[in-house]
Amino acid sequence: MSVYEIVKNARSDKRIRTIELVENIFEDIVYLKGDRSFGDSRSIIGGIGSFEDIPITFIGIEKGNGVEDGVKRNFGMPLPEGYRKSMRLMRQAEKFRRPIITFVDTPGAYPGIDAEERGQFEAIASSLKLMASLTVPVITFVIGEGGSGGALALSVANKIYMFENAIYSILSPEGFATILWKNAALADKASEIMKITSKDLYEFGIVDEIVRERNNMPDYMQIKKLISEELSRTNFMTAENLQRERYEKFRMIGR
């Protein structure tokens, strides 16, 4: 596939969704809702589960399946209450010493007036700050689209894994082309120079491992192996070492 074909495939409704991954990887799942301030954003799901008898907290962006479900979930564009819900779950995970596993699949945070009125920018900034300071292990999987700050707000992690045909970028190729050439129709050209594929980002050291795919289905054995190895690796790391590792990971980007 060309890079722009990868982009279109990453956006496709044929891609696996977060809720399917959660229910195929974890056991004893309990979904939790609400930000305890305004409401519940269905674009972000989260809760408690177990992985190999280890209690974990999972948080993920859910696009939905089909138009009706997609509308309910705002097509994976979280509102501020979604990010505040995820922060509530992160603080809970830290309190009870549970590792956090996040799943990213979003074109970006919702840019509507109502989201701005409720502090979208503050919610994203607060999530970045909180994730950087967490004293428990954080693992992120970029499973489809990883767009802009809406994706980064859930991916300040010790390890970032990326599905083979996913994308991860500061903005969409259409937005890039509009800014650079004043023409969104040149998105295919933009995507070629943006370096947003899993292979590019692995070579840059931004993602730590690529999850194999076949017909838009991930290799579940590899996913479980990656989680198992990372939980074993971080099991005896101190809070300070976990924070330092996360800090150094992101400071090294671009060097």
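**Acidic residues and backbone geometry**

A polar atom of the Asp 105 side chain is placed 2.9 Å from the backbone nitrogen of Glu 145, a polar contact being a pair of N or O atoms within 3.5 Å, one able to donate a hydrogen and the other to accept it, with sequence-adjacent residues counted only if both atoms are side-chain atoms. The model is predicted, so that local features require pLDDT of at least 70 and side-chain atom pairs pLDDT 80 or more, whereas totals for chains, interfaces and linings use all residues. Residues are numbered from 1 along each chain as its sequence is written, and side-chain values use heavy atoms, without hydrogens or water.

Asp 105 belongs to strand β4 (residues 100–106) (strands are DSSP E runs of at least two residues, helices H or I runs of at least four). Because its relative accessibility is 1%, Asp 105 is classed as buried (under 20%; exposed is over 50%; 1.4 Å probe, protein chains only).

Asp 53, by contrast, is classed as exposed because its relative accessibility is 73%. Asp 53 occupies the loop that links β2 (44–51) to β3 (54–61). Together with Glu 27, Asp 28 and Glu 52, Asp 53 forms a surface patch of negative charge (residues with over 30% relative accessible area and no salt bridge, like charges being joined within 9 Å). A salt bridge requires a Lys or Arg side-chain nitrogen within 4 Å of an Asp or Glu carboxyl oxygen.

Most residues other than glycine have a negative phi. Positive values occur at Asn 74, with phi near 55°, and at Arg 97, with phi near 60°. Asn 74 is located in the loop between α3 (66–72) and α4 (80–95), and Arg 97 in the loop between α4 and β4.

Technical notes. Patches are made of residues with over 30% relative accessible area and no salt bridge: like charges are joined within 9 Å, nonpolar side chains (Val, Leu, Ile, Met, Phe, Trp, Tyr) within 5 Å. Accessible areas come from the Shrake-Rupley method with a 1.4 Å probe; for residues, only the protein chains shown count as cover. Lys and Arg count as positive and Asp and Glu as negative; His and the chain ends are not counted. The place of a charge is taken as NZ of Lys, CZ of Arg, CG of Asp or CD of Glu.
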